[in-house]
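Reader: I would like to go through this structure with you, one question at a time. Could you show it to me before we start?

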Amino acid sequence: MLLLWLPGWREKTTRLIGAFLGLVACGLLLNPVLQAVSLARHLPAQLTAAFGDVTLLEPKLAAPRPSALVLTELFTGVRTPEVLMRTVVYALKEGTELRMDVYQSADSSLAPLGSGSPSAKAPCVLVVHGGSWRTGDRTEQNRLNAYLAARGYVVVAVDYRLAPQWRFPAARDDVADAISYLKSHPAEFGIDPDRLVLVGRSAGGQLALLTAYTFGDPAIKGVVASYAPTDLSCAYQNPGNQAVIDTRGLLRAYIGMSLDDAPALYETASPLNAVVAKTVPTLLIHGQRDELVSPAQSARLAAKLAQTGSPHLYIRLPWATHGCDVNFNGPCGQISAYAIERFLAAVLR
């Protein structure tokens, strides 16, 4: 009670409370960074153990990332030089034009896009966008696309037919057709048709995994999937929070039926069920706070890959939510770019 008679006590108490809350807020903000620093420290050794030593491509416009996390780039941003990009139609299906954006280094040592020069043979990275199979387009990962193109890869981001108008396996078939189109025009795009990796986010990760595992083309040297659904039957049986995502509704729109009505189709659409002893090297990235696609989806696939002895690495990001790499400069974006760059170098060497 004596405090009531002391001048300025309320003001001092308010300041103390404000300072305390400020410290708590700073701690919450710094915790993901501290977790990312720890993860980044061990990541190079984990990548080497999973996929072997890497020899990065000779720099074209930009050098490879010096480390998995550069703290200054959290504020300054990850700088990427301008690259060349053009859009082409790779298929016409039921009156719908399917397009791909082709990114290439602007370095003069490479032949320009469309030159047809047989001397320009770079590894190719095919990028598949997410969007719950219903939305999204090929521009989704343009920062990553440009980043990789500046470092010597030809990066191709593709559109595909969307649900519910087009159901499974339409989207998977479109990704496969994009691969066939690229391989039939290697000189036009300056690619090596025998060195290809698929990269996908979310629903695009499911399509990338399924295509890489089932297409049967030895040119596909590996696949990267970030926070992707890998076991659709399990996802249907264990849906996410209805207030956040309608898991079963999205799966019914994509597959065309419920799990009870088409269990075999759900099994066929699940990359987990396509894993065999010689499954291509796989890099999985998943935030452990993902409420849209459960981290258990990546964990289940990683366990299956381990059982078959297939080369793989599952990178768990303890602080991250779904789509964390959309912030390309953030901890998730930087770590993902570093891991993907070194994965590409390892499997495409």
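This is a predicted model: local features need pLDDT of at least 70, side-chain atom pairs count only at pLDDT 80 or more; totals for chains, interfaces and linings use all residues.

Reader: What percentage of the 349 residues counts as buried?
Author: Buried means under 20% relative accessible area, exposed over 50%, and partly exposed in between (1.4 Å probe, protein chains only). By that cut-off, the buried part of the 349 residues is 52%.

Reader: How many helices and strands does the chain have, and in what order do the strands of the open sheet run?
Author: Helices (H or I, at least four residues) and strands (E, at least two) are DSSP runs, numbered from the N terminus; the chain has eleven helices and eight strands. Two strands pair if DSSP finds at least two bridges between them. The open sheet has eight strands with mixed pairing, and its order is S1-S2-S4-S3-S5-S6-S7-S8.

Reader: Which strands are at the edges of this sheet?
Author: An edge strand here pairs on one side only, and that holds for S1 and S8.

Reader: Which helix packs on the sheet, and what angle does its direction make with that of S7?
Author: Helix H11 (residues 331–347) touches strand S3 (122–128), S5, S6, S7 and S8, where contact means heavy atoms within 4.5 Å. Axes are lines fitted to C-alpha atoms, for helices over the stretch in contact, and angles run from 0 to 180 degrees between N-to-C directions. For H11 and S7 the angle is about 175°.

Reader: In which sense do S7 and S8 pair, and what handedness does their β-α-β unit have?
Author: Strand S7 (residues 282–287) and strand S8 (residues 312–317) share six bridges in the parallel sense, and Gly 287 stands opposite Leu 317. A crossover is right-handed if, with the strands pointing away from the viewer, the path from the first strand over the helix to the second runs clockwise. With helix H10 (residues 295–308) between them, S7 and S8 make a unit that is right-handed.

Reader: Which residue forms a salt bridge with Lys 93?
Author: A salt bridge is a side-chain nitrogen of Lys or Arg within 4 Å of a carboxyl oxygen of Asp or Glu, and the structure holds 16 of them. For Lys 93 the closest N and O atoms are 2.6 Å apart; the pair links strand S1 (residues 84–93) with helix H4 (residues 170–184), 81 residues apart. Both residues of the pair are buried. The partner of Lys 93 is Asp 174.

Reader: Arg 195 forms a salt bridge with Asp 192; is Asp 192 buried or exposed?
Author: The closest N and O atoms of the two are 3.0 Å apart. Arg 195 is partly exposed, with a relative accessible area of 23%. Asp 192 has a relative accessible area of 12%, so it counts as buried.

Methods
Residues are numbered from 1 along each chain as its sequence is written. Side-chain values use heavy atoms; hydrogens and water are left out.
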